[in-house]
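Keep the model open beside you as you read.

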2 protein chains.
Amino acid sequence: MSKLSTATKRLLLGRPFRSDTLGHTLLPKRIALPVFASDALSSVAYAPEEIFLVLSVAGLSAYVFTPWIGVAVALVLAVVVASYRQNVHAYPSGGGDYEVATKNLGPTAGLTVGSALMVDYVLTVAVSISSAAANIGSAVPFVAHHKVLFAIAAIVLLTAVNLRGLREAGTAFAIPTYAFMIGMVVMLGWGLVRIFVFGDDVRAESAGFELVAEQSGLTAIAFVFLIARAFSSGCAALTGVEAISNGVPAFRKPKSRNAATTLLMLGGIAIVLLLGMILLANKVGVVIAEHPETQLRGAPDDYRQKTLVAQLAHAVFEGFPLGFVLITVVTALILVLAANTAFNGFPVLASVLAQDRYLPRQLHTRGDRLAFSNGILFLSGVAIVFVWAFDAEVTKLIQLYIVGVFVSFTLSQTGMIRHWTRHLASETDPEQRRRMQRSRIVNTIGLAMTASVLVIVLVTKFAAGAWIAIVAMVAIFGVMKAIHRHYDSVAEELENTEWDGVLPSRTHSIVLVSKLHMPTLRALAYARATRPDTLEAVTVNVDDADTRMLVREWERSDITVPLKVVESPYREITRPVLEYVRRVRRDSPRDVVTVFIPEYVVGHWWEQILHNQSALRLKSRLLFQPGVMVTSVPWQLSSSAHAHAERLDSAPGSVRRGFEEER
Amino acid sequence: MSKLSTATKRLLLGRPFRSDTLGHTLLPKRIALPVFASDALSSVAYAPEEIFLVLSVAGLSAYVFTPWIGVAVALVLAVVVASYRQNVHAYPSGGGDYEVATKNLGPTAGLTVGSALMVDYVLTVAVSISSAAANIGSAVPFVAHHKVLFAIAAIVLLTAVNLRGLREAGTAFAIPTYAFMIGMVVMLGWGLVRIFVFGDDVRAESAGFELVAEQSGLTAIAFVFLIARAFSSGCAALTGVEAISNGVPAFRKPKSRNAATTLLMLGGIAIVLLLGMILLANKVGVVIAEHPETQLRGAPDDYRQKTLVAQLAHAVFEGFPLGFVLITVVTALILVLAANTAFNGFPVLASVLAQDRYLPRQLHTRGDRLAFSNGILFLSGVAIVFVWAFDAEVTKLIQLYIVGVFVSFTLSQTGMIRHWTRHLASETDPEQRRRMQRSRIVNTIGLAMTASVLVIVLVTKFAAGAWIAIVAMVAIFGVMKAIHRHYDSVAEELENTEWDGVLPSRTHSIVLVSKLHMPTLRALAYARATRPDTLEAVTVNVDDADTRMLVREWERSDITVPLKVVESPYREITRPVLEYVRRVRRDSPRDVVTVFIPEYVVGHWWEQILHNQSALRLKSRLLFQPGVMVTSVPWQLSSSAHAHAERLDSAPGSVRRGFEEER
């Protein structure tokens with residue numbers, strides 16, 4: 001009875017739209033922050049380190065620029081956050097940058113954003129997991145020695161968990177993000193208190209190492225280039241900031257305001273952590289090199305360079321190893337969580353792109369587990385290739401990472417300026433106009449900033465790997481464009497097709513028979529129930545003895561439907577049936593032919609191999625015949641009960657789109 | 001008009017059996033010999049060599065036994081040929097050993113023969129191609145250095161050719177076999193004439209090498225064991241002899257007599273070549289070692305051991321290099337041809353086994369290209385694994401090879417004895433009885449001989465690799481048994497199922513709609529043509545905007561069929577439709593529900609990915625619902641014309657079963 005009522009609830013007869021809405025678990029800010037912030041906050045784990053690493057090439061003296069680069073990155077971050085606060089107010093539907101670009105700059109810009117984001121999701125997985133491996137490796141030497149293997153295993157595990165269906169929400173997902181935030185704040189706070197309040201001499205294990213400059217005596221231009229490259233790498237801290245603009249519908253009301261507030265919180269925390277880490281790193285004298293084997297002098301022989309986070313934790317929690325372990329664990333956890341966001345964001349993006357027919361239609365219905373599984377396998381497969389090709393080295397992978405993000409930022413900001421300009425043209429309320437003009441200024445600053453960074457990133461990283469990301473983006477763009485063109489041409493073909501719409505004059509039914517058993521009898525009964533004008537049974541003579549027996553049985557039975565035997569000189573089934581059907585069509589072209597195929601329904605894939613193979617082949621070939629319908633009359637064998645009912649899992653990315661159902 | 005008449009010819013309306021037979025190209029003996037003999041004759045290329053190789057372990061003095069072992073193998077060959085001449089007379093249907101064992105010893109014996117033959121086909125490919133590689137390698141050092149790669153490439157090529165469809169018949173296939181026979185006779189004849197008539201001093205290049213015995217001072221028992229092992233390897237010459245007994249229907253009338261005569265010719269030629277090679281090898285002083293690197297002394301540093309055939313050709317045609325090249329080429333060709341027979345024999349065997357429901361039913365219809373392709377891929381895949389695992393070394397592979405053949409020989413002879421005993425019980429004509437008694441004696445000698453050889457083979461080769469073949473046979477036996485049991489249980493289930501056979505009281509038709517376009521309109525028209533009691537259109541609300549538009553269009557159109565909207569909280573299609581159908585069934589369980597699904601028919605596989613995915617999924621799920629029929633209403637897009645019509649190739653193995661059609 002309860003099943004019936006559910007079915008009734010889900011069904012709407014007569015009225016085309018249901019008025020009652022399903023109860024969605026909309027996210028309060030305290031849960032929305034961890035769901036959307038893990039990606040952006042986790043980048044704090046590697047962005048400051050990359051700044052130090054790039055500058056290490058010019059020797060220890062270059063470290064003096066790290067605070068300034070940190071401030072520059074923080075400034076960009078602040079501007080981007082301010083810009084996206086405009087986005088979430090203007091586009092609360094959750095379409096994100098793709099929607100902004102498409103609506104204001106046209107489909108090509110939108111598709112560019114889509115391609116950039118797809119590449120980005122792959123790299124989010126690769127970079128986050130590689131960084132997680134490096135951080136765990138800082139505590140566990142075994143992992144450091146098998147970093148690539150460990151990273152790939154982690155991606156495989158994450159894939160398996162997501163294929164099984166992982167609900168992204170709730171406290172289980174919030175804890176690691178808060179733990180990371182708290183852990184980092186405690187570490188930075190305690191470290192700075194020890195230094196500035198207690199006057200402790202907090203020293204990193206690498207403090208005092210000599211750093212051999214790989215490029216000494218740089219020209220001014222080369223040095224500026226190096227600074228710009230360090231800044232580019234530091235901008236990795238901005239990845240993931242746009243996530244909230246895709247998730248506005250998941251927020252509680254007032255959605256846009258709550259999203260904007262969460263964005264502000266996210267930005268504030270990220271900036272504090274970023275600057276705090278750079279400050280502390282300088283204070284405790286961390287020396288970190290791009291090529292530790294050759295660049296570090298004065299280090300012990302068995303020295304293995306730890307990540308910046310690990311070195312800071314080690315120094316701050318000296319004599320309290322649990323603190324070091326905890327920081328390592330929460331850092332690794334949030335990085336894995338960040339990788340997991342890609343597994344949730346990717347299907348959402350694919351769904352939006354599929355709706356606009358840039359990807360196969362079935363990706364649109366995110367409830368479709370098979371399409372979702374294919375997407376996840378694609379995502380993790382490509383991520384594994386990247387991790388493997390770049391030795392799970394964050395420093396190498398990050399060269400590819402930031403291009404896509406800033407392509408998307410830049411196009412989105414351009415779109416927002418257009419958006420405000422368009423609205424200003426029709427808006428008359430001075431209060432509203434003032435607000436719009438202010439927003440336009442914010443977005444213009446955002447555009448100037450993100451476009452500059454994009455240029456800097458392209459110039460400093462193109463040869464180092466960014467070209468790979470660009471090639472991938474162009475390839476994805478091309479494929480999606482081709483898919484769109486295909487759908488368009490099909491739609492056009494359907495529009496221009498002439499069909500008189502006249503009902504077929506007669507229906508001619510053919511029941512395929514191989515044996516005289518229950519499935520055949522029922523197929524005959526069902527076929528008769530459709531009241532065709534003519535009805536006949538047809539069998540293919542593959543084996544003389546079998547056919548002779550069938551004919552005898554048929555004659556002895558009380559079946560009134562005539563049985564025809566079609567010869568098969570090559571002992572096959574498909575072609576003789578096709579030729580027979582073609583002949584019937586030729587004799588009466590205005591009629592419609594229905595071919596009834598009795599089928600066994602079985603519960604295991606290996607049983608499927610043992611049954612229905614000929615029926616399947618025949619069906620797919622018959623569909624090529626105009627004016628022919630193919631009807632499967634199933635006969636459920638007892639094993640069909642083994643087939644599991646489809647699981648009622650939530651769709652991937654539901655939480656971040658606000659589609660989650662109360663249960 | 002010609003197409004129509006062909007269709008008419010192929011069709012039989014009313015009369016269940018066509019009386020006119022298709023013109024088969026039955027094989028005259030001169031073509032039948034090469035078609036069936038290539039496998040058996042090609043083994044002459046490696047069997048004598050293996051005798052020498054095994055004995056080489058005990059040093060050069062052991063070579064003195066080679067003629068005696070040769071005579072023993074020839075004797076076994078003669079007895080087996082004589083036995084199989086009884087088989088072809090008693091079982092002219094072409095069922096071969098499988099039929100003989102099944103009819104006389106029961107299905108388990110038959111299935112054992114079937115398993116043994118399947119393993120044998122794989123090894124025929126592996127051994128023949130490895131031997132071909134070794135022979136070509138004797139002339140072309142490059143091939144010798146990359147033997148495994150070359151052998152695998154050859155199997156891949158052979159697979160590709162067979163997948164494309166290779167007609168096994170005609171002079172193109174006869175030439176290599178005759179060329180091999182003539183080439184070998186010329187080589188042996190000319191060599192023996194030179195030695196015995198002209199008194200030339202014909203010397204092999206390896207003549208005079210010192211052969212280091214790996215096992216010197218063998219005990220008598222060990223020495224007997226070695227002799228037995230050499231004999232076992234020599235018995236590889238018998239592989240393929242049974243082929244003719246599977247091909248009796250392909251012979252011209254009188255079939256059995258012609259097949260028996262061809263068998264006699266085959267046996268005679270094989271014995272002559274075998275003994276001739278052993279004699280010549282001894283005369284020209286060939287020294288051939290199992291481990292040439294360690295066993296040969298006095299050989300030049302860059303010496304590479306050639307095959308026995310190559311060494312003989314080299315010695316006999318000294319000063320006439322073309323002769324050496326020609327012998328190498330024809331030897332390689334017949335070996336490749338022998339491998340190819342496996343590609344033709346395997347589908348025939350699979351078809352026979354499938355008819356008795358030991359393999360998936362669709363393998364029975366050999367015209368089925370897909371099943372055939374899967375069989376070929378399976379065969380070549382496993383053969384490649386064997387070649388790779390055993391380094392394409394004939395000496396290693398041959399340890400696995402002979403078990404299956406002799407299992408099949410032994411069971412077949414046992415079956416034949418039972419056959420004659422049974423017939424003797426009812427036969428009264430003294431002439432016939434005498435003949436039967438004689439046949440029974442022949443088969444009894446055959447059984448004694450083959451059983452003894454089987455025991456010798458098992459004892460001498462079990463540890464050397466025969467156990468692998470036995471494990472494979474047991475595994476195949478188990479799988480086929482399981483398949484048979486499955487089909488039996490399904491048949492039993494169908495027999496015991498009660499169904500009242502009453503016509504469904506009403507038909508309820510549902511047309512699935514996603515858009516209002518031509519395919520939908522036609523599906524509606526077709527559905528209406530089946531005159532259902534109720535007809536409705538159903539759409540799943542995946543996207544509110546799309547659905548709203550569809551409903552508006554529907555209301556504006558002149559369609560009288562009501563449109564129902566089914567809600568989909570998870571934005572998927574399958575489950576809401578399933579639940580709707582279930583509900584309709586629940587409301588009226590006696591009715592039958594027909595679900596009409598409009599489908600696009602496209603011409604390329606990648607278009608298939610872009611269309612119909614949801615329809616496919618839905619169809620397969622709907623089949624699990626009792627009382628539901630699924631009807632596909634195809635709409636052929638213009639690209640569907642790209643799909644190639646199925647090619648009218650002959651079925652694999654047709655020639656050897658006598659099914660080939662005149663064209």
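Pro254(B) sits in the loop between helix 11 (243-246) and helix 12 (255-283) of chain B; helices (H or I, at least four residues) and strands (E, at least two) are DSSP runs, numbered from the N terminus. The peptide bond joining Lys253(B) to Pro254(B) is cis, with omega about -5°. In chain A, Lys253(A) and Pro254(A) are also linked by a cis bond, with omega near -5°, and Pro254(A) lies in the loop between helix 10 (220-234) and helix 11 (255-283).

This is a predicted model, where local features need pLDDT of at least 70 and side-chain atom pairs count only at pLDDT 80 or more, while totals for chains, interfaces and linings use all residues. Residues are numbered from 1 along each chain as its sequence is written, and chains are lettered from A and ligands numbered from 1 in the order in which they are written.

Most residues other than glycine have a negative phi. Arg357(B), however, has a positive phi near 60°, and is found in the loop between helix 15 and helix 16 (369-389) of chain B.

Now to the interior. A nonpolar core is a set of buried Ala, Val, Leu, Ile, Met, Phe, Trp, Tyr and Cys residues joined through C-beta atoms within 7 Å; buried means 20 or more other C-beta atoms within 10 Å of a residue's own, with C-beta atoms placed from the backbone. In the largest such core, of 167 residues, Leu312(B) and Val387(B) touch the most other members. Helix 15 (residues 321-355) of chain B gives the largest share, 20 residues.

Terms used:
Buried ≥ 20, exposed ≤ 12 C-beta atoms within 10 Å, placed from the backbone.
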